[in-house]
Amino acid sequence: FINGAPAIGNNMVMFGGCDGFLHLVSLQNGQAHDKLEVATYIAGSVTISENLAFTGDYDGLFSCIDLESKTIKWNFDNPKSNLPILGSPSVSGNMVVIGGQDKRLRCFNKKNGDQLWEFNTGGRMDASPLIIRNSVIAVTMDGMIYMVNLDDGEEVWSYEIGSAMAHNPAVINNSLAIGARDGNVYFFHKK
């Protein structure tokens, strides 16, 4: 199975799937170009930034793949948990942010994998975090929305919907929209 949306970079279409490989397909002709073994099932979409690809997997490993050398540059293997990372990473500048089912939102230096901060959401995250300017928005399966500072991971704002949110939030014109499993779409506007 292919679970996430494909990403495009370096004239390649990239995606992961249940075979544990990052597949690279030519954007021009659709021919398979290469495949890189990452780990186990890749459940989310790959994020690409400056010849680096970032992805989480079903065993809780978060990896940075160097697309030029076609090797794993660094990875984060949580020593306390191997719960899945289902969402896709978000990148801004030199920072990459990911959340997982271990209830932690983490920020890493995208070049060397140093963890810069960690935020405990108290609920598992199946959706992708969203970086807007200097803030990160994360939603949880226990019904919470969090906004944290990108620089230090400190909470800026939170709101309890009370219903699971498994899909990604969207932002446009200072407004946040998110769908929840209670059948409602919630809309927040910054005045």
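Modeller: The structure holds zero disulfides, a disulfide being a pair of cysteine sulfur atoms within 2.5 Å. Cys-64 is in none, and the nearest cysteine sulfur, that of Cys-107, is 13 Å away. For Cys-107, likewise in no disulfide, the nearest cysteine sulfur is that of Cys-64, at 13 Å. Cys-64 counts as buried because its relative accessibility is 0%; Cys-107 counts as buried because its relative accessibility is 0%. Buried means under 20% relative accessible area, exposed over 50%, and partly exposed in between, with a 1.4 Å probe and protein chains only.

This is a predicted model, in which local features need pLDDT of at least 70 and side-chain atom pairs count only at pLDDT 80 or more, while totals for chains, interfaces and linings use all residues. Residues are numbered from 1 along each chain as its sequence is written, and side-chain values use heavy atoms, with hydrogens and water left out.

The protein chain has 19 strands and zero helices, both taken as DSSP runs numbered from the N terminus (helices H or I, at least four residues; strands E, at least two). Of the contacts (heavy atoms within 4.5 Å) with a separation of 6 or more, 34% are between residues 24 or more positions apart. The C-alpha atoms fill a box of roughly 45 × 35 × 30 Å along the principal axes.
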